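Please load the model in your viewer and keep the selection panel at hand. The tour below goes from stop to stop, saying what to select and what is there.

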Amino acid sequence: MGHGGGGHGAMTMGTMIRDMRNRFLVAAILSVPITLISPIGREVIGFTLPAPFGLRDDIAALILSLPVIFYSAWIFFDGAYRALRARTLDMMVLVAVGVGAGWLYSVVVTLTGGGDVFYEAATVLASFVLLGHWVEMRARGGTNDAVRTLLELAPSQAFVIRDGEPVEIPTADVVPGDLMLVRPGSKVPSDGTVESGDSDIDESMVTGESLPVAKTAGSTVIGATVNTTGTLRVRATKVGADTALAQIVALVQEAQNSKAPGQRLADRAAFWLVLVALIGGIVTLAVWLLAGATVPAAMLFAITVVVITCPDALGLATPTAIMVGTGLGAKRGVLFKTATALETAARIDTVVMDKTGTLTQGKPEVTDFVAIGMDEDELLGLVAAVERESEHPLAAAVVSFAAGRGVTVGDAVDFDNVPGHGAGATVSGHRVLVGNRKLMLAQGVDIQPATAQREALASTGRTAVLLAVDGKVAGVVALADAVRPTAAAAVAAMHDAGIQVVMLTGDNEATAARIASQLGIDTVIAEVLPEDKSAKITELQVAGKRVAMVGDGVNDAPALARADLGIAIGAGTDVAIETADVVLMRSDPLDVPVALRIGKGTVRKMRQNLGWAIGYNAIALPIAAGVFFPAFGIRLSPEIAALSMSGSSVIVAVNALMLKRLRLPRDIEVTRD
């Protein structure tokens, strides 16, 4: 609905809300005396004071109504003019016809000697419609809080090093390549790469990762995240509109401004309703005149018909639900890029999840540690000493496992790395080897005693590493990709909602089956090449499934684009985030059922609102046209029509706001690490 008059483009939401409030107040305050000196005030309320300065009642009312028509209600005439120029009919046209016809008719009557006038109908009608608009804009403004809070995360000032000295400048003036000084406790001004320094950065507001992330030279940092302990020198890479934060804000705004298919339907319905109202008004006028009614009486019925059919509630039905839905998502870190994504989320029956990085953390952890012929802790201490010297990703997992067990780790000397095979070193006088079969055979170690253990572990999709001490096999350590703590709860929540969960992975069958059984996933498609992922999605779609794809990597992008709904994990790559329809900022699988639940709730509100708006008009129209007046004396005055029309809009707005109370799969199912 094109609310608002000319020049509103440059106005901020806050100014627009204030402007609407002022227009409403002027109309409301002046409507009171106009109503008191009208026939209603004189005959119904019994108001007896004469109009000021000895003016005739209708002349006084005309003068009082001028600010209402030419200031308060002017946005309706302006909006109607724009709509007609764009060859369409909308709310504004109806209100302009209702207010304009009543007022002009009254002016003509006043200037030609007096008679029945209804200035009060025109001004009260304008007041109620303005009130409806003001309430609606406030509801919309509320959802923009999500965007505002995101924007406020960025710091306003930055310290940049110029000629070796830190200089404070506005963050907006930082350019790529600037070297920024980020002190402990301050926010990182923009995205960049750490040049020097060590610190932990709290990225929870952007990624949802609850633990601070360690940063050293070469690490990338995100603008607006909080530096906790050390001082960092950061080289700015992306500034202003290119930063991660700015892109998130842009996504939220894009979604809030986009029109859902349901909204386009409502706009078309509004067009026809306006047409019906205008024709209905003309027909009502003609029928009453033919039936012998006076011109003022016939005019009143006609204006009431035009007023009551205002499809204001219809125009509000979907946008308010969408605004609340996207706002609700943004609070939980679930960003819907478009309104269509919200509607699609409501219809999903199959969710395809990429395994690595989505269901799992994409980093290995030790699952089993088996010692043969020696004490477990002693062996672990020796092995960790060797692994501490190694650069291999699996080595770090062993070291942190040893630290977790509180084992004393000796010092390794004569460290020897054999790429692709493993490593060896001397620890506390023992020669320790950590590696695969080839390394053991090359060093002449008999691995027979550990073969059964090793094969049992490897068959379940774990990586099994052999350990030897002083030339004899001493044990096996098994490692596997760690499952995200909320993954099982997420799968359970989707099953509860009747959604089928499919795991898609390039890993081997054994690994895939192990994770799937851990999480309770029903369908596994393993050993899929990255380029075949989107083909698998198509297969499901051909089988009649409505598919959402959840992924985090560049290789998931085609599948995300192909699926009915692409959901990207926020810790993923820019490419995945670009192609997805929904972005989960917290990288938490539990937010997948949250997104689907929000979609369902929003669409339900949209349907309720449309049903209410159409049903309301179907009942109100005949009453307004005076169909029941001859038999039952039931009639509506334009003011009552305006009030009930605004009431119906308020009901729609409030119903949409009720969406905020939607029960979401909470974090109660799982305690976060």
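Rings of Phe, Tyr and Trp, the last taken by its six-membered ring, pair if their centres lie within 6.5 Å. By that criterion the structure, which is a predicted model, holds 12 aromatic pairs.

**Aromatic stops**

Select phenylalanine 271 and tryptophan 272. Their ring centres are 5.3 Å apart and their planes stand at 90°, so this pair is edge-to-face; the cut-off for that class is over 60 degrees. Tryptophan 272 reaches 52% relative accessibility, so tryptophan 272 counts as exposed.

Next, select Phe70, Trp74, Phe77 and Trp103, which form one aromatic cluster.

Two charged side chains come next. Select arginine 183 with phenylalanine 159: the arginine lies over the face of the phenylalanine, at 4.7 Å from the ring centre. Then go to arginine 635, whose charged end sits over the ring of phenylalanine 629, 5.3 Å from the centre of that ring.

**The whole chain**

Zoom out and colour by secondary structure. The protein chain has 25 helices and 22 strands. Of its 673 residues, 51% are buried. The chain exposes about 29200 Å², of which carbon and sulfur atoms supply 59%. Among contacts with a separation of 6 or more, 68% are between residues 24 or more positions apart.

**The seven-stranded sheet**

Now select the open sheet of 7 strands, in which the pairing is mixed and the order is β10-β22-β21-β20-β11-β18-β19. Which strands are at the edges? They are β10 (334–336) and β19 (523–525), each of which pairs on one side only. Neighbouring strands of this sheet are turned by 20° against each other on average, with direction ignored.

Strand β22 (residues 582–584) runs antiparallel to β10, and 3 bridges join the two. Within this pairing, select valine 334, which stands opposite leucine 584 in β22.

**Strands β13, β14 and β15**

Select strand β14 (residues 422–427), where 5 of the 6 residues are buried. β14 has pairing partners in β13 and β15.

With strand β13 (residues 412–418), β14 pairs in the antiparallel sense over 5 bridges. Pick asparagine 417 to see one of these positions; its bridge partner in β14 is alanine 423. With strand β15 (residues 430–435), the pairing is also antiparallel, and it runs over 6 bridges. Here alanine 425 stands opposite valine 432 in β15.

Follow β14 into the turn. β14 and β15 form a hairpin with 2 residues between them. Serine 428, in that turn, has a positive phi of about 45°.

Select strand β4 (residues 191–196). β4 pairs antiparallel with strand β9 (residues 232–238) over 5 bridges, and antiparallel with strand β7 (residues 220–221) over 2 bridges. Which residues stand opposite glycine 192 in β9 and in β7? In β9 the residue is alanine 236, and in β7 it is valine 221.

Then select isoleucine 201 in strand β5 (residues 199–202). Isoleucine 201 counts as buried because its relative accessibility is 0%, and the cut-off for buried is under 20%. Draw a distance from isoleucine 201 to isoleucine 222: these residues are 21 apart along the chain, and their C-alpha atoms are separated by 9.3 Å.

**Last stop: threonine 284**

Finish at threonine 284, which lies in helix α9 (residues 261–290). Is threonine 284 buried or exposed? Its relative accessible area is 8%, so threonine 284 is buried. Show what surrounds it: leaving aside neighbours within four places in sequence, threonine 284 is in contact with Phe301, Ala302, Val305 and Ala625.

Technical notes: Residues are numbered from 1 along each chain as its sequence is written. This is a predicted model: local features need pLDDT of at least 70, side-chain atom pairs count only at pLDDT 80 or more; totals for chains, interfaces and linings use all residues. Side-chain values use heavy atoms; hydrogens and water are left out. Helices (H or I, at least four residues) and strands (E, at least two) are DSSP runs, numbered from the N terminus. Buried means under 20% relative accessible area, exposed over 50%, partly exposed in between (1.4 Å probe, protein chains only). Rings of Phe, Tyr and Trp (its six-membered ring) pair if their centres lie within 6.5 Å; planes under 30 degrees apart count as stacked, over 60 as edge-to-face and the rest as tilted. A charge sits over a ring if NZ of Lys or CZ of Arg is within 6 Å of the ring centre and within 35 degrees of the ring normal. Contact means heavy atoms within 4.5 Å. Accessible areas come from the Shrake-Rupley method with a 1.4 Å probe; for residues, only the protein chains shown count as cover. Two strands pair if DSSP finds at least two bridges between them. Axes are lines fitted to C-alpha atoms, for helices over the stretch in contact, and angles run from 0 to 180 degrees between N-to-C directions.
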